[in-house]
Amino acid sequence: MATVSVRDARKNFGSTPILHGVNVEIGDGEFVVLVGPSGCGKSTLLRMIAGLENISGGEIAIGGRVVNTVPPKDRDIAMVFQNYALYPHMTVRENMAFSMKLAKAPREVMEEEVQRAAKILGLDALLDRYPRQLSGGQRQRVAMGRAIVRHPQVFLFDEPLSNLDAKLRVQMRSEIRELQQRLATTTIYVTHDQIEAMTMADQIVVMNAGRIEQAGAPLALYDRPANTFVAGFIGSPAMNLVPGEISDGGFRAQGGALLPLPPATPANVATYGIRPEHLVLAEDGIEARLVVVEPTGSETQVAMRIAETPLVGAFRERITGRPGETIRVKPDLSLVHLFGADGRRL
């Protein structure tokens, strides 16, 4: 187990900068998720920590040791990839023991470690099967087992659940989190799925265009996003972000809606944010015209328009209205988010 420190890390591909001075501090035993849209630099940063990409500037330290020029095999890390990377001609047992075999570990030690990892991952009965005989979830467990037997200081996961169906993804993210808590190994996990980030992480690092927009505990980012990018990225369905200005005692949206403001609102509000689940049905609310009604079972998601301003609401109540009909909604003013012209939280 170890801390991981990324200090002013930069990465250029030729003359094109990809990472612009990234700083991340990861505590011993912490589960950190790097999240952001495709192309934001999260996988590049992970590969730099692993030593699979050279660092163009700054430094990366694992367990207090700067590893900028240390080969991947000497960094004491284990990486789990999106595509499993299992050897098809080897059994589960042979795949899991392969790194130990390369290190010339004694046979009895290899068997003991493989059995230990197999028991943790529920692979005891599958050790003599080949990858082609396994489901996607079982193959991912084998890839994780291959990492566990090495007793690394740091686990690195690069979008490991992307190839799984929706139900199995939910199951596997729970299993990965439970495994990490049991082993107490420092873990860095890359995903573009903010639901995975919210449900698994001790700390989320939100990246965009090679920079860190905000880092912190999942609920801290959800409750107090630093800017409109984080506000729109964290949360599902996404926060309503409405541009406009203060006018007529409220917030006049560019689409024409007049939205109520909380007390002591700053005068320089340029964007009004309200999460879909923080809009409530109320007889004294604002009239909204239904556009699309999407029942999901536990809640009903509604696309609507107030004047010509589009909003999305998520309600526990069952809404059966048809497009063109109206409902009345109002925002919970204690949960409104206000942003300035630069996109930063006010």
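What share of the contacts with a separation of 6 or more comes from residues 24 or more positions apart? In this predicted model, such residues account for 66% of those contacts.

## Overall build

The protein has 346 residues, and 48% of them are buried. It contains eight helices and 19 strands. Along its principal axes, the C-alpha trace spans about 80 × 45 × 35 Å.

## Nonpolar cores

In soluble globular proteins, nonpolar side chains tend to be buried together. Here, the largest nonpolar core holds 45 residues. Met96, Met144, Ile176 and Tyr189 touch the most other members of that core. A second core is separate and has 29 residues, including Val4, Val22, Ile62 and Met79.

Leave aside its neighbours within four places in sequence, and Met96 is in contact with Val114, Ala117, Ala118, Leu123, Leu127, Val142, Gly145, Arg146 and Val149.

## Helices α2 and α3

Two packed helices are described by the angle between their axes and the distance between the axes. Helix α2 covers residues 92-102. Its axis and that of α3 come within 10 Å and cross at roughly 130°. The two helices are therefore oblique to each other. Their crossing is right-handed.

From α2, the contact uses Arg93, Met96, Ala97, Met100 and Lys101. From α3 come Val109, Met110, Glu111, Glu113, Val114, Gln115, Ala117 and Ala118. By class, the residues of this contact are eight nonpolar, one polar and four charged.

## Helices α3 and α4

Helix α3 runs over residues 107-121, and helix α4 over residues 136-148. Their axes come within 9 Å and cross at roughly 135°. Are these helices parallel or oblique to each other? α3 and α4 are oblique. The crossing of α3 and α4 is right-handed.

On the α3 side, Arg116, Ala117 and Leu121 make the contact. On the α4 side, the residues are Arg141, Met144, Gly145 and Ile148. Four residues of the contact are nonpolar, one is polar and two are charged.

## Helices α4 and α5

Helix α5 spans residues 166-183. The axes of α4 and α5 come within 11 Å and cross at roughly 20°. That angle is under 35 degrees, so α4 is roughly parallel to α5. The crossing is right-handed.

α4 contributes Gly136, Gly137, Gln140, Arg141, Met144 and Ile148 to the contact. α5 contributes Leu168, Gln171, Met172, Glu175, Ile176, Leu179 and Leu183. Seven of the contact residues are nonpolar, four are polar and two are charged. Met144 and Ile176 take part in this contact, and both are named among the residues that touch the most other members of the largest core.

## Phe31 in strand β3

Where is Phe31 found? Phe31 lies in strand β3, which covers residues 31-35. Its relative accessible area is 0%, so Phe31 is buried.

Leaving aside neighbours within four places in sequence, Phe31 is in contact with Ile176, Arg177, Gln180, Thr187, Tyr189, Met200, Ala201, Asp202 and Gln203. Among them, Ile176 and Tyr189 belong to the largest nonpolar core. Ile18 sits 13 residues from Phe31 in sequence. In space, the two are 24 Å apart, C-alpha to C-alpha.

Terms used: Residues numbered from 1 in each chain as written. Predicted model: local features only at pLDDT ≥ 70, side-chain atom pairs only at ≥ 80, totals over all residues. Heavy atoms only, no water. Core = buried A, V, L, I, M, F, W, Y, C linked by side-chain atoms within 4.5 Å. Buried < 20%, exposed > 50% of the residue type's maximum accessible area, 1.4 Å probe, protein only. Contact = heavy atoms within 4.5 Å. Axes fitted to C-alpha atoms, helices over the stretch in contact; angles between N-to-C directions. Helix = DSSP H or I, 4+ residues; strand = E, 2+ residues; numbered from the N terminus. Parallel < 35°, antiparallel > 145°, perpendicular 65-115°, else oblique. Left-handed = near helix turned anticlockwise from the far one by under 90°. Nonpolar A, V, L, I, M, F, W, Y, C, P; charged D, E, K, R; others polar.
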